[in-house]
Amino acid sequence: MVPPKLPPQEAARLERLRSYAILDTPPEEAFDDLVHLAAHVAQTPIALISLIDSERQWFKARYGLAAPETPRSVSFCAHAILQEEALIIEDTHLDARFVDNPLVTANPWIRFYAGFQLRSPDGYKLGTLCVIDRQPRRLDAASREALLRLARQVIAQLELRRNAQELRDAQEDRAAQSATRQAVLAALPGLFFRLSSSGVFLEYHGRDSDDLLVPPAVFLGRSFSEILPEDVAKRFQQAIRQAHREQQVQILGYELELQGVVRTYEARVAPAPQGETMVLIHDESPRAEAEQRLRALSELQSAMVRIQEDFILNDASRQVFNRLLDAILKQTESRFGFLGETLEDEAGQPYLRTFAISDIAWDQASADFYREHVGAGLEFRSLKTLFGEVLTTRVAVISNDPARDPRSRGVPEGHPRLTAFLGLPLFRGKRMVGMIGLANRPGGYDASALARLEPFKAMTANLIEAHRAVTARLRSEQALQESEARIRAVVDTATDAILTLDETGRIERVNPATARSLGSDASELVGSPIGRFVPALEGRAWALGRVRGEVWVRRADGSEFPAEITESPLGLGERTLTTWIIRDITERLKIARLQSEFISTVSHELRTPLTSIRGSLGLLAGGVLGALPSAAQEMIGIALNNSDRLVRLINDILDMEKIEAGRMDFNMETLELEDVLVQALEANAAYASAHGVRLLLETSTPGAVWADADRLAQVLANLLSNAVKFSPEGGVVTVRLRSDGDGLRVEVEDQGPGVPEEFRERLFERFSQADASDTRSKGGTGLGLSISRALVEHMQGQIGYAPAPGGGSIFFFTLPGQRPGLLHAPIVMLCSTSPALAGALGEALRHLSCQAYPVSRTEEARELLSARRCDLLLLDLTSGEACLALLEELRRTPQWASIPVIAIAGQLLEEDTHLGAFSLVDILELPLNEDRLVQAVTAAFLTSRSRSPRVLHVEDDLDLGRMMRRLLPPSWELIQAGSLQEAFRQMERSTFELILLDLSLPDGDGELLLDRVGDTPVVIFSAKDASPALARRVHAALVKTRTSAEDLRGLLVRILRRSEDRTAPL
Amino acid sequence: MRVLLVDDEQDIRRIGQLSLEGVGGWQASLASSGQEAIEAARQRRPDLILLDMMMPGMDGMATLARLRAEPDLASIPVVFVTAKVQRAEVERYLQAGAVGVIRKPFDPMNLPGEIRTILAKLGITA
């Protein structure tokens, strides 16, 4: 234990302490209230007012502690008075000064202590107001501030107490001296009267006859009852009688109004011989005033204490200001007044809003107005007034004749007459925050009135500021509470389960829907690791991004349901929590399945009768059943054509339906485009020749594309049949293949009439045909081009129209191409003896646009590795020792050493750590989690990069930005730019591997960015279609509503893989 | 060539028969259900079975499975003739062992041609 040192000037400090005559006095309510308040504010069991005497600390007030004093040597407060700042010890057990203090190791078992110094006005620290707890704790800033104020109040009370004491002393002195005084009364200078036994003024003398109400000539010879007011005269009568009866001097105090001012007099009535009476009148006003002043000061002090208490106890309402105004009115003897804050309007003109104002209503209308508005604060904006003068000049204004004051424009009719006005601006530093306005003090205002206001100035200004701060805080707290309430309402009523997970993946909070969908009480869920409910996470360390998209979720009873999980990190101070939204998609999957079944069933149900119709007509027309008359032959032909059209229409509608439902699947592969074109021409040759049209193929650049062969054939069939239909008989339809940036472009040109200018815009919309009659004459469905566009765009291409130079039409489409040696579908070899695993892996890899080569024996793998390139090897280590041997061999052989390998292990065991030596991209455990596989494969193609890819996403829709963050592999760095300017800044700052560009940006068209991107691949992802000219300038142009998230991700992954190929060929 | 045509729709059986016999010049026999088809196959040992998918009772896939389960019938090539030709469905037929799929509505004048193309891929000349 460290005993407290003595503060400097200890002798003077003790003398100051004793001057308050407080030590060893009985408890007093004022101080008891303050410690009570302190304990309440700090929420501690103990609060004390401790005064540090020479050898002890003595408690003037105690809350929660019995001992009246303790030795100074163990006193905490004796330490506190050695420093300027409050002494706060959050845990005495951690403080060497106090850990073995007897007040710590025994009753009262102090663990927490906070002492706020009691500073006398001349700066001596007399002791503290302290709060004590038996458990460690902290003190928040608000409590600290409140305790500091209370400590000041203790001092204010001490001061007040001393003033009161002085007053009492003075009174006692006076009583002691009264006998002496009586003896010398007659000799005292003053107003002296001699009255006859009948009360007639016989004689007078005085120093200053001005003090007399009437000239001596008027009252001499007349009775005092004629001169004095009735009540005073009556009291004189009594005093005179009593004086004579008791033969003693009687003292009579009375008041008279003299020139509008009430003055206090003391009359000493002495019996004189022959029934005469001598009266000595003393003007007591100065002393009465001083006493009054002291009383007022005491009232002021207690008012201030009350007001500050109100404020500390959070009753920062108008009540505080009303009380303050009352105190001020009393202090200044004013009839009316107001307190208010000064504000500025939009034009910078100051105006006033009152917090408190006397009710000066003079009629019903003004009373109503007052009642209605006083609560919210009245606003006064007219500056051509006396208070306006204060606001504009920022100095105190006194006017004792307002009616004639040029600064005033008078008052409203009916307003009580202003006889005097005082306006005082209030400042905090140099800032004017408010003003006090007072009116109608009898006798008017002067400098002394200003002096009386002095104690209120700082306090009122502080209260106004504090009120403003509290109001602002309340307002923002309320806004926060409202928004929280709104969010909570949404979360509570959401049908999706919404959970917060802590850093370790344990459930921290859940909404009611979580309990419902997981079939468990919220109380049981909280604290459980999320892995318990997500089989895909079982047995794996928790990390952000482990689970995404569609997964199975397990209920408490073990049953499972398909769910879609949306995950988002939640920064909370230093913690990073995770929010999960689990949406049960059982219904959605069911609907999707029903939809698919419906399409399939409708297609069957419609096609079955058509099969009969079409078949019968076909047989008739084909002459299988014998020759028909030519008119019948013609009619059969018509029926046959139309049934064919109906079949096409059904097929197209079903295709459209599938595309829109996102159920059209694409088997993307590398295709030699020229081969596809040759086949398409062959397939449509018969149709062309039936129309007398020739098909011609011109190719200058052989090349491969990344596409689905069947869908591509469908597009080509559509474009070719259109071209043939609109060609004149004997015309030629030319199909051209040319290179187009990174991809290839196919053009189909006919010699038909071309598409009218005004129709070109709607060319690719559904059921749009230039001429309604075309539908019938050309036998189209009106869906062909629309379907073609959807198909081409799904294959990351563009479709468009251009007029042919000769007047015909050119329909063209582009597809992402690949130049030999640079672009290829990644070749992935799967080495596993399990056909089931190979099948599952192959399926997954195909979805990732990889070419999968399954092998079941390691010799086969070696053969294949020698024969062709391999971009990735998936090695099933459960297939036996041979696989491990292959891995070892792979890493020893220079040309194979850099092939990325993903290993598959049954169950990852301790001893498997030796796998680390083979620099595997990843090790996947069985059972296989497809999401994990996707991540591992994606990562494999990116591992050779020196850094993770950086993608600039130029997009002003923040939601889409967040969606993109979730969509892209977690290892990618995604930088968002919400405007063109921001995008330019980002591009100056660093380089990007890919730019994803929205066209409609707040500060201009995204197209403007293209001039500055250089070689960086750009993908337009916008709500509107890119013009063909624009589409040619970028890598791909996708339309938001027509592109699925998976397609977009696939495209971006491919682009980045490709740009990586250029820099670091595998 | 002897072809067994299985379809629950009488109209389609008739049209098919006319096409196979009149255009293809083959010998057609008919069955209206999977059960009948198995019986007919056992009795007649056709060179080819054209099988509808959607039939009441035993559907095309079940019929194919039953055919594949009987050693004597397992090697008869089966071609589905069906309106249910979504890509996934077609893949399922082929995986189950069908040698080809002909889409309904078919063109009776071209049905034998389509069959020949499928069989040619298997090295069978019809």
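**Note on chain A: helix α8, overall make-up, cysteines**

1. Helix α8 of chain A runs over residues 230-246; at 1.5 Å a residue, its 17 residues should span 24 Å, and the end C-alpha atoms lie 24 Å apart, which agrees. The expected span is 1.5 Å times one less than the number of residues. Helices (H or I, at least four residues) and strands (E, at least two) are DSSP runs, numbered from the N terminus.

2. This is a predicted model: local features need pLDDT of at least 70, side-chain atom pairs count only at pLDDT 80 or more, and totals for chains, interfaces and linings use all residues. Residues are numbered from 1 along each chain as its sequence is written, chains are lettered from A and ligands numbered from 1 in the order written, and side-chain values use heavy atoms, without hydrogens and water.

3. Val232(A), Ala233(A), Phe236(A), Ala239(A), Ile240(A) and Ala243(A) are buried in α8(A). Buried means under 20% relative accessible area, exposed over 50%, partly exposed in between (1.4 Å probe, protein chains only). Seen down the axis, the buried residues of α8(A) fall within an arc of 120°, so they line one face. The arc uses directions from the helix axis to the C-beta atoms. The face turned away carries exposed residues, including Glu230(A) and Arg245(A).

4. Chain A has 30 helices and 42 strands. Of its 1066 residues, 48% are buried.

5. There are zero disulfides over all chains (cysteine sulfur pairs within 2.5 Å). For Cys77(A), the nearest cysteine sulfur is that of Cys130(A), 3.8 Å away. Cys77(A) counts as buried, at 2% relative accessibility.
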